[in-house]
Structures are given as C-alpha cells and as structure tokens.
Protein chains: 2
Amino acid sequence: MDAITSPPSGSAAQRIEAELRRAIISMAHPPGSRLSEQDIAATYGVSRQPVREALIGLARTRLVEILPQRGTVVVKISTRKMMEGRFVREAIETAVARRAAESFDPAARVRIDDLLDLQQKVAQRNDHTAFQRYDELFHIALAEGAGCAMAWQAVSDIKAHMDRACHLTLTNAETMLELVEQHRAIMAAVDACNPAAAAEAMHCHLREILRALPKVEAEHPDLFE
Amino acid sequence: MDAITSPPSGSAAQRIEAELRRAIISMAHPPGSRLSEQDIAATYGVSRQPVREALIGLARTRLVEILPQRGTVVVKISTRKMMEGRFVREAIETAVARRAAESFDPAARVRIDDLLDLQQKVAQRNDHTAFQRYDELFHIALAEGAGCAMAWQAVSDIKAHMDRACHLTLTNAETMLELVEQHRAIMAAVDACNPAAAAEAMHCHLREILRALPKVEAEHPDLFE
DNA sequence: AGAACCATACTACCATACAAGACGACAGTC
DNA sequence: GACTGTCGTCTTGTATGGTAGTATGGTTCT
C-alpha cells in the first residue's frame, strides 16, 4: 500500500537529491530561491559533499542552476521551455500509446486499473501530491506495458518540470478528475487495439495539462522568468 | 574552425567527465572494463572528488554503472536496450524533422550545409571520431533550427550509446557517405516544406544506423551483455 | 581433499580542511 | 558627488583522511 512513499534509497546523496526534488516540485523551494550547500547539509545532518552531489544531479535535470562560486538557485518557470518540453513529451508518449495499442503486457494492464481507481480517490480528496505520484505511476506503467520502459527515462525530467507548474494550475478536484478520465480514455483506445485513437487521446491529454499556464503566469509573474 | 574540439570547460569534474565520455564512446575504455576513482585521479592529476562527480554524471547517462563499495564498470552494450533507445529517438527526431519542414530558421539553414560538406570530407578520410562529432552537430542544428533545442537534450544520452555501438559498425567510408546522403535527403524534404517526407527520411536514417548491430554482436560477444 | 573461516587489500562513500573566485561595503581619491 | 581600489565575507570547487562494506586468497579445521 505504501507504493507511494519511495524508500530512502541507498546513499545519502541519492536520498537528499530525492528529498530536494520533491521539495522543489511541490514548490516548498519556490522558483528563484537560493539553495546553500551549507544550510542543506545542516538541515539533513550530513556533510556538504553529499549535498553537493545531490545539487549536481538536480542541475543536470535543469531543476536548479549552479552558478560557479556564487550560489545555487531554483530555476524559474519558463512558459516557452515548458511548451518545448511538451512537444518532446508528446512525441514520445504518443508513440508509446500507439505501441501500447498494438501490443500490451496483460500483467501490466490489470495494475493500471488499480492505479486509476486510486488516482480517482485521491483526486476526490483534492490531494495534489498523491495525485501527481499516481499520475507518474500511470505513465510509467503504460510505458512498461508497451515494452519501452526506457521511454520513461527520457520523459521523467520533462514531467518533473511540468508537475511543478501543475502545482499552480491543479487547484480543484474537478480538473484532476478530468485528467483521470483522459487516462481512462487512453486505456480504452489501448484495449480497443486502436493505435491512432490511443495516440490522439494521449495528444489531447498532454494538451490539456498546460492549458491554464498562461493564466497562472499572469497571477504569479515572480515565479516565471 | 576548431568547433570540433570542445574547450576544457569550467570545472575539473566537468572536464574529466567529458574526457571519460569521449574515451568510453570511442571504446578506449571498452565495455566491461573497470574504472577506478584512484587511477583516473592519478591519470588526470587531480583528486578523487572531481573524478567521483564525473563518474556519477556518467552513471546518470547509463554509460557506467557504480556498484557501491565494489567498483565502477563501463556498461556492456545491450542490443535490446539499443533498440528501445532507437524507438524513443525515432519518436523525437521524426517529430523534429516534421516541425523543421513546417518552419525552419534561415540562419541555421546555411550552417547545416557547411556542416554536411565538412562531414562528407571527414567521411572520405574515414575519420570516425570527426564524423560522429559532425553527425551530432547536424542533429543539434536541426533541432535548433526547428525551434526545439530542448529536444536534443532528451536525445543526446541515447545517441551517446548508439555512437559507441557505431564505432563497431562504421568501418568503411562508404557507409559513412551513405549516412551523409541521408542527411541531405532530410534537408531536401525540409527545403521542400514536406513534413511527411522529412519524417520518413529521418525514419529511414535512424533505421539504417543499427542495421549492422546483430552482426557485430556475433563478432564481439564479449562487448555485449 | 574439501569446505568453512579469517585476514587483507581493495572499493565507494562521507567528513573535514583548505583554496579560489565573486559580490558588497567602505574608504580614499579625483 | 562620482569613481575606483581594497578588504571582508560569502559562495562553490578541490584535496585529503578516515570509515564501512565487499571480494579475494590463504589458512585451518573437519
């Protein structure tokens, strides 16, 4: 049942990177805020070295920017880059959906129904964090079921940025329930073995996600670059 | 003219990571070989710390695998993973080619012709390394010209793995010249503003690259997993 | 002879200390 | 008053020592 709380994996550096990643995506560290190696090290009770490695990892996913000898800051949200990211994600995930409709692992299929039910529950509770976690699990399961788990690797970084923005756009339960319905629509096309419909459903799904972005940019201009 | 030799950028860690990356892709460190932090540190005349950060970076791109408290090894080539990677890369790059045919930055357009001429030259000289570098520059320029530079970010890691395999498959000048011709075919479709043709040309191009992979796996089974 | 056991040499990992660059405040000068 | 040079304090970057875990080879017991 605790598939949602990822365990404190392996090294301290990995653990801290995961923690910081969550904190950044959930806006606990808002865009533009500074991240001091020393402060974080003190917070987590470790040395600067693992913190440094964690920040390097986050910099690689473009969630933070390390300015040499100056400091590390959480990158601001860029609508333009977000749209570019959507383009790439759309290219990958529509291809995955198409392949899923051609052949899908039956074992993964039943798991997805469970995921969607759980996602619907947390959506009704208006629980952002759990919702996004199940959203991620859905897309992972879809890629794995289609036999291209590696595709997720390429998408995960982009999705992290999107999820951060969605913490501003996903304000009510209705919107989240809509997204769950879109997930079900994708699976319906997959079950019908209709590649074109699956790709189209995924296309609409990804289009919907960032629809409200320009509005929140006007509301929170300080979070954007 | 020295656009091919990337400068020793910023920190020692980044410099060493770039060096190791080149060495791995060019098979100077063959798949399966061990990479000791200490040895590399001594080789490059630096401490173990920047080497460690470099190895962590390479592990993130799946070029090496860090086994905690045991050692770091160059990952072996996996035909299955390579095919999965091609699937993802195909999804992204055909979308890029399609968009390029819809609208392309004129300034980037002229640069590409220069790149292709240079690539043809080094192909005639049978210079693997330079060829792959210009190949990379071509795909980057195409993405930038199409206005989705971020797409390259998602492709670069996959291409690194492919390039490593291609060091085994690209043995003669003829094959390289064929690939240049495929590049020109893509650009012809772009110039003709024919998205479908551009995507199809890219599709064929990426299909060709790994065609000889099963053969080299039979010849060098020790390099594969 | 075979197998369990232990010492040793290796590894990645973390903590600490030091170095070098960047920014801001302040004093001195024109 | 505006400009400039210098010093102090922040930051990240690098070096080094020490720790825990793993594999390996020799040894001892059965």
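This is a predicted model: local features need pLDDT of at least 70, side-chain atom pairs count only at pLDDT 80 or more; totals for chains, interfaces and linings use all residues.
Colleague: Let's start with chain B. At what angle do α5 and α6 pack?
Modeller: Helix α5 (residues 106–124) of chain B and helix α6 (residues 128–145) of chain B pack at about 165°. Their axes are 9 Å apart.

Colleague: Roughly parallel or roughly antiparallel?
Modeller: Roughly antiparallel, because angles over 145 degrees count that way.

Colleague: Which hand is the crossing of α5(B) and α6(B)?
Modeller: That crossing is left-handed.

Colleague: Which residues make the contact?
Modeller: From α5(B), they include B:Ile112, B:Leu115, B:Leu116 and B:Val122. From α6(B), they include B:Phe131, B:Tyr134, B:Leu137 and B:Phe138.

Colleague: How do the residues of that contact divide by type?
Modeller: There are 14 nonpolar, 2 polar and 3 charged residues in the contact of α5(B) with α6(B).

Colleague: Now chain A. How far apart are the axes of α5 and α6 there?
Modeller: In chain A, the axes of α5 (residues 106–124) and α6 (residues 128–145) are 9 Å apart. The angle is about 165°. That makes α5(A) roughly antiparallel to α6(A). The crossing is left-handed.

Colleague: What does the contact of α5(A) with α6(A) consist of?
Modeller: It divides into 14 nonpolar, 2 polar and 3 charged residues.

Colleague: What about α4 and α7 in chain A, at what angle do they pack?
Modeller: Helix α4 (residues 79–102) of chain A and helix α7 (residues 150–169) of chain A pack at about 140°. Their axes are 10 Å apart. That angle makes α4(A) oblique to α7(A).

Colleague: Which hand is that crossing?
Modeller: α4(A) crosses α7(A) in a left-handed way.

Colleague: Which residues touch there?
Modeller: On α4(A), among them are A:Met82, A:Val88, A:Ile92 and A:Val96. On α7(A), among them are A:Ala154, A:Ile158, A:Met162 and A:Ala165. The residues of this contact divide into 10 nonpolar, 2 polar and 4 charged.

Colleague: Switching to single residues. Is B:His205 buried or exposed?
Modeller: Buried, because its relative accessibility is 1%. B:His205 lies in helix α9 (residues 195–209) of chain B.

Colleague: Which side chain does B:His205 join in a polar contact?
Modeller: That of B:Gln182, at 2.6 Å. Leaving aside neighbours within four places in sequence, B:His205 is also in contact with residues including B:Asp135, B:His139 and B:His183.

Colleague: And where is B:Trp152?
Modeller: B:Trp152 is in helix α7 (residues 150–169) of chain B. B:Trp152 is buried, with a relative accessible area of 11%.

Colleague: What does B:Trp152 touch?
Modeller: Not counting residues up to four places away in sequence, B:Trp152 touches B:Glu136, B:His139, B:Ile140 and B:Lys159.

Colleague: Where is A:Cys193?
Modeller: In the loop between α8 (173–191) and α9 (195–209) of chain A. A:Cys193 counts as exposed, at 54% relative accessibility.

Colleague: What is the phi of B:Asn126?
Modeller: The phi of B:Asn126 is positive, about 65°, and B:Asn126 is not a glycine. B:Asn126 sits in the loop between α5 and α6 of chain B. At 34% relative accessibility, B:Asn126 counts as partly exposed.

Methods: Residues are numbered from 1 along each chain as its sequence is written. Chains are lettered from A and ligands numbered from 1 in the order in which they are written. Side-chain values use heavy atoms; hydrogens and water are left out. Axes are lines fitted to C-alpha atoms, for helices over the stretch in contact, and angles run from 0 to 180 degrees between N-to-C directions. Helices (H or I, at least four residues) and strands (E, at least two) are DSSP runs, numbered from the N terminus. Angles under 35 degrees count as roughly parallel, over 145 as roughly antiparallel, 65 to 115 as roughly perpendicular and the rest as oblique. A crossing is left-handed if the near helix is turned anticlockwise from the far one by less than a right angle, and right-handed if clockwise. Contact means heavy atoms within 4.5 Å. Ala, Val, Leu, Ile, Met, Phe, Trp, Tyr, Cys and Pro count as nonpolar, Asp, Glu, Lys and Arg as charged, and the others, Gly among them, as polar. Buried means under 20% relative accessible area, exposed over 50%, partly exposed in between (1.4 Å probe, protein chains only). A polar contact is a pair of N or O atoms within 3.5 Å; within protein, one must be able to donate a hydrogen and the other to accept it, and residues adjacent in sequence count only if both atoms are side-chain atoms.
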